[in-house]
Amino acid sequence: MQETVTLSADSGVDVPAARNLAPDLTPVNLRDLGGLPVDGGTTRHGVLLRSDDVSVMPAAFARQMIDDGVRAVIDLRSPEEALLTGRGPLTLPGVNYHHLALTASVSMPEDISRELMSASATPELVGAWYANLVESQARQLALGVTLVAMGDGATVFHCAAGKDRTGVFAAVVLSLLGASPDTISADYAVTAARLPRLYPRLRAILGQLIPESQLAAGHGQGAMMGAHGASMDAMQRILVERHGSVAEPVRRAGLSDAVIGQLRARLVEAHD
């Protein structure tokens, strides 16, 4: 029988004691991708989780996640981020760790242009960057999807904020399952309500790598520092215009129909 991870509707593993565990380092954007409408049913609870950085969570919180069924971590952070904090407390015997960097660096100007990080950045600009990420990192995304499809127990995938790289990965998975564009964008936008708690956590973890001005709780910042559904709308529209679907670049990078079938078998709970 499938092992499940019990998550609260708000912010993470449903463990009362977790609220008292170093709240500045406990993930605030951890959530289950279960319960979302897709072709033929809804996504199954307790199989795929998305999160902000899990490498520095309290050990007791990590242990609860493992006890609840987490068996794999997909780390989408850059090499320098992974080097800074390491794998973290989830890397215990029985839990597989996969580092699939979607960006070469967390800081400007290597992956994120000054225009994108400026206060004038629009959701359209952010969406264009997301679309470029899907195209340029299609092989990494294909490998990540394959790991989820062939996994045992629950998989958690994460970046630093659980918003941009994590949001792109979630969008690809949900698109492959037949979720509507509105469902994909709505899932992405859930992060918006968590930003006030998320930015202080990012400052504590990544202060050495990101300028303070970029982590000022999003005040006076452009769309890149928010989580606007319109950004994900733009990404999806651009990819459909260029390739016919959001996931087509990932398919072309080697993701087979057989693996997609496995993904559906693991993640989709059919309607009665």
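Author: What follows looks at one strand, its surroundings and its partners. This is a predicted model, in which local features need pLDDT of at least 70 and side-chain atom pairs count only at pLDDT 80 or more, while totals for chains, interfaces and linings use all residues. Residues are numbered from 1 along each chain as its sequence is written, and side-chain values use heavy atoms, with hydrogens and water left out.

The part to look at is strand S7, residues 154–158, where strands (E, at least two residues) and helices (H or I, at least four) are DSSP runs numbered from the N terminus. Five of the five residues of S7 are buried, so the strand is largely enclosed by the rest of the structure; buried means under 20% relative accessible area, exposed over 50%, and partly exposed in between, with a 1.4 Å probe and protein chains only. In a regular strand the side chains alternate between the two faces of the sheet. In S7 both faces are covered, with Ala154, Val156 and His158 buried on one side and Thr155 and Phe157 buried on the other.

Turning to the partners, two strands pair if DSSP finds at least two bridges between them. Strand S4 (residues 48–51) pairs with S7 in the parallel sense over four bridges, and within this pairing His158 of S7 is the bridge partner of Ser51. Strand S5 (residues 70–75) also runs parallel to S7, joined to it by five bridges, and here Ala154 in S7 stands opposite Val70.
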